Amino acid sequence: MTQLPDLGPRVFDLPFRAEYDFLLDVYGIAHCEFMMSAHSGPCMLARAFDRPCLGINVPVTFAHIPGERDMLALRRYHAPLSEGGHQLSYAEILDAYYRHGQDSLEFHGYGYSMLSSQEVLPIVREMVERADGSKTEPLKHNQFMTLNREVSARAEKDVELQKRRHDWFGC
């Protein structure tokens, strides 16, 4: 893992500190304003301490169950070359994911790329504004949730999908 640049006195890149001990992770998560991670197991520790989590470069999967104050920043997905290779919108990602029975899109020729630091910075700024209460429910979040609800409703009616997977969808 590459060390973070200096992001100011309130950001600690713990693994690179001389005094690092894994218990500092637990302490840091318990006392942070929000946790930024790859939306993996440690996010559940943040939830246990009632800390919001910002998942960065998150893959599309049926099992994301973010908390009310969490945010997800999905990796960028690209259509297969046979379909033009263009970057997919979130609606297109959900449609492809649904069409392929909620399998990982990578198994069906879709590519992905990680968000750059220039793309992540405004997302982190929005999370900071949400964590300190200066930003209320954003329009994009409402659009995101509406799309998820539409796919969930579609999946609930799909008997074949329910046999293969689960009868719910979330991201």
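## Helix H4

Helix H4 covers residues 117-131, and at 1.5 Å a residue its 15 residues should span 21 Å; the end C-alpha atoms lie 20 Å apart, which agrees. The expected span is 1.5 Å times one less than the number of residues. Helices (H or I, at least four residues) and strands (E, at least two) are DSSP runs numbered from the N terminus. After H4 comes Gly133, with a positive phi near 85 degrees.

## Basis of the values

The model is predicted: local features need pLDDT of at least 70 and side-chain atom pairs count only at pLDDT 80 or more, while totals for chains, interfaces and linings use all residues. Residues are numbered from 1 along each chain as its sequence is written, and side-chain values use heavy atoms, with hydrogens and water left out.

## The buried face

Val120, Val124, Met127 and Arg130 of H4 are buried (under 20% relative accessible area, 1.4 Å probe, protein chains only). Seen down the axis of H4, the buried residues fall within an arc of 115 degrees, so they line one face of the helix; the arc is taken from the directions from the helix axis to the C-beta atoms. An α-helix has 3.6 residues a turn, so residues three or four places apart point the same way.

The buried residues of H4 pack against strands E1 (35-37), E2 (53-58) and E3 (71-74), where contact means heavy atoms within 4.5 Å.

## The sheet

E1-E2-E3 is the order of an open sheet of three strands with parallel pairing; two strands pair if DSSP finds at least two bridges between them. E1 and E3 stand at the edges with a single partner strand each, so one side of each has no neighbour in the sheet.

Three bridges join the parallel strands E1 and E2. Met36 stands opposite Leu54 in E2.

Notes:
Buried means under 20% relative accessible area, exposed over 50%, partly exposed in between (1.4 Å probe, protein chains only).
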